[in-house]
Amino acid sequence: MLTRSRRTRGVAAAIAVLALGLTACSSDSGSESKETSPAGGDVTSGNIKVGFSQLGAESGWRTANTESVKASLTAENGIDLTFSDAQQKQENQIKALRDFIDQGVDVIAFSPVVETGWDEVLQEIKDAEIPVVLVDRTVDTHVVDPYVTWIGADFEAEGITAGEWVVENYPDAKIFELQGTLGSGAQVDREAGFDATVGESHILGKASGNFTRAEGKAAMEAALQAYPDMNLLFAHNDDMGLGAIEAIEAAGKVPGKDIIIVTVDGVRDGLQALVDKKFNYVVECNPVFGDQILDAITKAHNGEQQPRKTIVLDQAFDQTITQAVVDARLY
Ligand code: GYE
């Protein structure tokens with residue numbers, strides 16, 4: 001039997017993100033980095049040793065999430081952090097997790113790039129009796145109780161919210177869907193929620209843009225050729241939608257008019273595109289939940305009870321958004 005962590009749509013279960021304030025962090029070169037104390041020395045005694053495997057740096061969302069994690073998992077907050085960036089490669093992530101086991105960290109936190117393929121390493125972590133805090137994306141594994149708690153967004157609800165807006169405003173839409181990284185929780189669930197809401201018959205075609213601007217642009221260029229009737233794009237994140245704008249303009253069409261654009265995330269550049277009337281609707285996915293990750297890690301280390309899942313609350317924006325809202329955005 002597969003055990004799969006499914007999210008409920010219940011807003012009652014949702015806990016709003018209260019974490020505020022980002023600090024600037026130098027971007028990671030892609031490999032492991034040891035966070036040090038302000039004085040520059042390694043932080044050790046008394047702190048909780050945490051290995052955090054981030055899946056990559058593919059999007060504005062991911063950059064903001066990494067900044068939030070690094071701002072919260074500090075020596076001052078009782079954490080000795082080893083941070084590792086897997087550059088969207090599962091094999092890099094599995095290697096980082098094995099390194100964390102070898103280092104004897106107290107808690108492992110990670111955001112899995114795709115849902116499957118974790119059975120072996122999760123079992124190894126379990127055998128080493130290291131608690132796992134799952135961040136953002138989800139896993140699909142045979143391992144029983146693979147993690148203590150999961151914190152992330154309700155991706156299926158995000159897809160449904162996007163789909164409901166389309167059904168209400170463009171009931172006859174001919175849709176092209178730019179998918180995120182294939183097999184990731186964010187792709188699988190956003191697509192399921194959206195497709196079920198708008199109805200498969202409205203979807204002309206789909207292709208993955210791997211959650212990046214460059215691949216989103218390339219996939220959109222091909223789609224504009226393949227589906228000349230397309231009049232609405234649903235992109236699984238802002239970055240791919242922003243890449244698509246370039247492809248649409250290069251093809252002599254007007255984004256936001258000839259092709260209506262609906263995206264997920266709500267990073268500053270995405271919301272700016274909404275103010276500029278190039279995007280039409282953006283479903284938020286809030287990446288700033290480092291404080292909740294800190295709380296979950298501390299509780300996991302102390303063996304305290306905590307909810308099995310915490311859903312980060314999202315909202316949605318249309319073109320009535322003001323420049324002031326965009327300017328006040330934290331990420
Ligand atoms: O929407 C996208 C990022 O997993 C929620 O990953 C995250 C997604 C986010 O690349 O921009």
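Biologist: Why does the ligand lie between domain 1 and domain 2?

Modeller: Please note that this is a predicted model. One looks at which domains supply the shell residues. Here domain 1 (23–153 + 286–312) and domain 2 (155–285 + 319–327) both give residues to the shell around the ligand, so the ligand lies between them.

Biologist: How many residues surround the ligand, and which are the closest?

Modeller: The shell holds 13 residues, and the closest are Glu58, Arg137, Arg190, Asn237 and Asp265. By class, the shell comprises 6 charged, 5 nonpolar and 2 polar residues.

Biologist: Which polar side-chain atoms lie how far from an oxygen atom of the ligand?

Modeller: A polar contact is a pair of N or O atoms within 3.5 Å. For Glu58, a side-chain N or O atom is 2.4 Å from a ligand oxygen. A polar side-chain atom of Arg137 lies 2.8 Å from an oxygen atom of the ligand, and for Arg62 the corresponding distance is 2.9 Å. As for cover, the ligand has 300 Å² of accessible area on its own, and the protein covers 100% of that area.

Terms used: Residues numbered from 1 in each chain as written. Predicted model: local features only at pLDDT ≥ 70, side-chain atom pairs only at ≥ 80, totals over all residues. Heavy atoms only, no water. Near = heavy atom within 4 Å. Polar contact = N/O pair within 3.5 Å; in protein donor to acceptor, adjacent residues only side chain to side chain. Areas by Shrake-Rupley, 256 points an atom, 1.4 Å probe, with all protein chains shown as cover. Nonpolar A, V, L, I, M, F, W, Y, C, P; charged D, E, K, R; others polar. Domains from an automatic or database assignment.
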